[in-house]
2 protein chains.
Amino acid sequence: MRTPAFPNLTIIGCGLLGGSLAAAWRHAGCVGSVTGYDRDSRTLARAVELGIVDRAAPSLAAAVGAADCIALALPVCAISASFAELAQHAPPGAICTDVGSTKVGILAAARQGLGSRYALFVPGHPIAGGALPGVEQARKDLFDARWVITTPDGATDPAALERVELCWRACGASIERMSAAEHDRIFAAVSHLPHLIAFVLMHQLACQADGARKLRFAGAGFRDFTRIAASDPAMWRDIALANREALLGELQNFRSGLDELQAALAAGDGVALDALFEQASRARRAQNFAPGATNAYDD
Amino acid sequence: MRTPAFPNLTIIGCGLLGGSLAAAWRHAGCVGSVTGYDRDSRTLARAVELGIVDRAAPSLAAAVGAADCIALALPVCAISASFAELAQHAPPGAICTDVGSTKVGILAAARQGLGSRYALFVPGHPIAGGALPGVEQARKDLFDARWVITTPDGATDPAALERVELCWRACGASIERMSAAEHDRIFAAVSHLPHLIAFVLMHQLACQADGARKLRFAGAGFRDFTRIAASDPAMWRDIALANREALLGELQNFRSGLDELQAALAAGDGVALDALFEQASRARRAQNFAPGATNAYDD
């Protein structure tokens, strides 16, 4: 039997993504034993019961002591906040990676918090999720046929980068490398902005005096359009703040489009509406989406 | 065997909705024979082949000549445009109904076009659809456990209203009566505005220089959020124009919500973002949607 890429994996955060990472990498033969830490002790105990984690550690410091690879599967702000402690306790040579949905802020925090260990940090973002949060929902095939974005910079150790990418590929994922800045612009446009719009639509409807009556008659189109508005508020607050600059830019693009629509509508300009809808519809029909997860905890 | 509510039903427009109405009402024992007309002769021939229509008529005039009930299953503008011709050719006493997504404009057109026959017009809007357009997609259970909104006014004949509502109920639908104005406000909020937002989001993304690259990494959240942007552009242009006033009002509500979000984001105000997302998420989680159709031709 070949040696796994990482004999000792530690996951910090044992939720849907951390649990799935551990299960998928293990199933692919990329890891030997898995140590886990979660600040919620029930989650951690459940991860052990489910066989996702072999050893539950009582603290982050204890969890990383013998790790070859440390995967940070926390909300984006918590990832950024964990680097200094990691730098103190992780063995020299341990590779660190993450699954955060924003990258510029995490890289900056890693540069500061990890210091000389920064070269061994491999920033990652798997574009995958499940219908519900929690370790109970973890699946070893969650990353199959999904993108995993890596955002190394000039300081990233090439061998560390390749070892982490190898694990993701072994789970069936496709890797795309890009800069953290490009990553954040892309996901501001195709993930963060749509979430924010869905939140705003639900929010303003819920604020209307007859909002409840209106919502009573919402159909399947509304259901799918607003599905992501059921997402975890705290998680999305963190993402919005962490990716504020790119998000404000994309919000401006969207508002320009709204202005165009509103002008055409106010003028009763059917030709302009037709052109806008036609281009949108063609662009949407050209999209090919992988089958799979449909949920509030993806992207 | 009891007498059907309508021995002779005529459907004008043999697409997904017209075909499903005919199939569902027939299956429920509410109609005897079905005459159909569609300006696309292939659609009409297909409706006959599928057994949805018993007799294909060569024109609207010929289609309605012997009808007890005439169901208009056309785009909203075409419904409004058909009343004058209907008034000329329909037998006295024939009840007319429709499935249009906007109601104020259709009632005004009916009042003008139908003249003294206006009392026998029962304005309706089934909140149902299918994954794809076309008579091939017609299903006799399309309206099961769905809302059908009727928007009678003071001039509507109560017996005609009840006969049409009886047919819908026999197909498993729930009836809600409301004014045309309330209908249009409700569906501006929960159907038309979401469609327009989805169109705008796709439109402005497709216009960006790196739009194609961004779209490459869109995940399941984006897929569901923009599904309705694949809808038929001409159909939605008509709906937008027909429901312009209510839609401009809802657009303004939405823009106020966007302003609130943008201000919080620009200020880095996590507490305000949290409150907005929290309220939205709670409202969305409280929604109960019927299982079923998920598509671009619903609502």
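This is a predicted model: local features need pLDDT of at least 70, side-chain atom pairs count only at pLDDT 80 or more; totals for chains, interfaces and linings use all residues.
Which residues does Trp25(A) touch, not counting residues up to four places away in sequence?

**View 1. Trp25(A) and its partners in the nonpolar core.** Trp25(A) is among the residues with the most contacts inside the largest nonpolar core. Leu9(A) and Ile70(A) belong to that group too, as do Leu9(B), Trp25(B) and Ile70(B). The core holds 212 residues. In soluble globular proteins, nonpolar side chains tend to be buried together.

**View 2. The axis that relates chain A and chain B.** A 180° rotation superposes chain A on chain B, with 0.0 Å of shift along the axis. The RMSD is 0.0 Å. The two copies are therefore related as by a two-fold rotation axis. Look for Phe225(A) here: within chain A, its C-alpha is the nearest to the axis, at 2.1 Å. Both copies use the same surface, and 100% of the contact residues of chain A recur in chain B. The predictor assigns the complex an ipTM of 0.91 and a pTM of 0.91.

**View 3. The side of chain A that touches chain B.** Here 79 residues of chain A are in contact with 79 residues of chain B. Six helices of chain A give two or more residues each to this side: H7 (180–207), H8 (211–216), H9 (220–226), H10 (233–242), H11 (244–266) and H12 (270–285). H7(A) gives the largest share, 17 residues. By class, the side of chain A that touches chain B has 44 nonpolar, 22 polar and 13 charged residues.

**View 4. Domain 1 against domain 2 in chain A.** The domain assignment gives domain 1 as 6–178 and domain 2 as 183–285. Their centres, taken over C-alpha atoms, are 31 Å apart. Domain 1 of chain A puts 13 residues into the contact, and domain 2 of chain A puts in nine. On the domain 1 side, helix H4 (76–89) and helix H5 (104–114) of chain A each supply at least two residues. That side of domain 1 divides into seven nonpolar, five polar and one charged residues.

What is the mean pLDDT of chain A? The mean is 94, and 96% of the residues of chain A reach 70 or more. Residues 291–299 of chain A are below 50. Beyond near neighbours in sequence, this stretch has 35 contacts in the model.

**View 5. Ala145 in chain A and chain B.** Most residues other than glycine have a negative phi, and most peptide bonds are trans. Ala145(A) has a positive phi, near 65°. Where is Ala145(A) found? Ala145(A) is in the loop between strand E7 (124–126) and strand E8 (147–150) of chain A. Is Ala145(A) buried or partly exposed? With 13 other C-beta atoms within 10 Å, Ala145(A) is partly exposed; a buried residue would need 20 or more. In chain B, phi of Ala145(B) is also positive and near 65°. Ala145(B) lies in the loop between strand E7 (124–126) and strand E8 (147–150) of chain B. Ala145(B) counts as partly exposed because 13 C-beta neighbours lie inside 10 Å.

Terms used. Residues are numbered from 1 along each chain as its sequence is written. Chains are lettered from A and ligands numbered from 1 in the order in which they are written. Copies are superposed by least squares on the C-alpha atoms of residues with pLDDT of at least 70 in both. Two residues are in contact if their C-beta atoms, placed from the backbone, lie within 7 Å. Helices (H or I, at least four residues) and strands (E, at least two) are DSSP runs, numbered from the N terminus. Ala, Val, Leu, Ile, Met, Phe, Trp, Tyr, Cys and Pro count as nonpolar, Asp, Glu, Lys and Arg as charged, and the others, Gly among them, as polar. pLDDT is the predictor's confidence in each residue, from 0 to 100. A nonpolar core is a set of buried Ala, Val, Leu, Ile, Met, Phe, Trp, Tyr and Cys residues joined through C-beta atoms within 7 Å. A residue is buried if 20 or more other C-beta atoms lie within 10 Å of its own, exposed if 12 or fewer, and partly exposed in between; C-beta atoms are placed from the backbone. Domain bounds come from an automatic or database domain assignment.
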